[in-house]
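Hi there,

Here is the structure I promised to pass on to you.

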Amino acid sequence: IMCGRYVSPDTDTIKNWWKSSLLTTAEFPFHFNVAPTLPVPLIQALPERAHTLGLARWGLVPHWWKNSGLPTFSFNARS
């Protein structure tokens with residue numbers, strides 16, 4: 001179930017937590033109440049121990065989804 005919310009730190013806080021320089025071109029503001037379907041920071045591990053900090057949409061895209069657009073109704077999915 002993805003009906004919860006969480007706090008998303010800003011770019012500097014994320015970099016300080018990881019104690020390394022993450023490769024990023026974007027700045028992420030602090031969000032106190034992130035909801036499903038909003039863009040959030042995402043750390044991706046790359047070969048040779050490098051990491052990138054990018055942007056991702058928080059939500060569920062079912063394996064059977066065939067439309068070109070992203071679904072807006074699946075953030076409260078149940079099994």
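**Contacts along the chain**

In the protein chain, 43% of the contacts with a separation of 6 or more are between residues 24 or more positions apart; contact means heavy atoms within 4.5 Å. Please keep in mind that this is a predicted model, where local features need pLDDT of at least 70 and side-chain atom pairs count only at pLDDT 80 or more, while totals for chains, interfaces and linings use all residues. Residues are numbered from 1 along each chain as its sequence is written, and side-chain values use heavy atoms, with hydrogens and water left out.

Of the 79 residues, 19% are buried, meaning under 20% relative accessible area with a 1.4 Å probe, protein chains only. Ser 8, in strand 1 (residues 6-8), is buried with a relative accessible area of 2%. Leaving aside residues up to four places away in sequence, Ser 8 touches Pro 29, Phe 30, His 31, Val 34 and Pro 41.

Phe 30 sits in the loop between helix 1 (11-18) and strand 2 (31-34). The accessible surface of the protein chain comes to about 6200 Å², computed by the Shrake-Rupley method with a 1.4 Å probe. Carbon and sulfur atoms hold 59% of that surface.

Best wishes

How values were computed. Buried < 20%, exposed > 50% of the residue type's maximum accessible area, 1.4 Å probe, protein only. Helix = DSSP H or I, 4+ residues; strand = E, 2+ residues; numbered from the N terminus.
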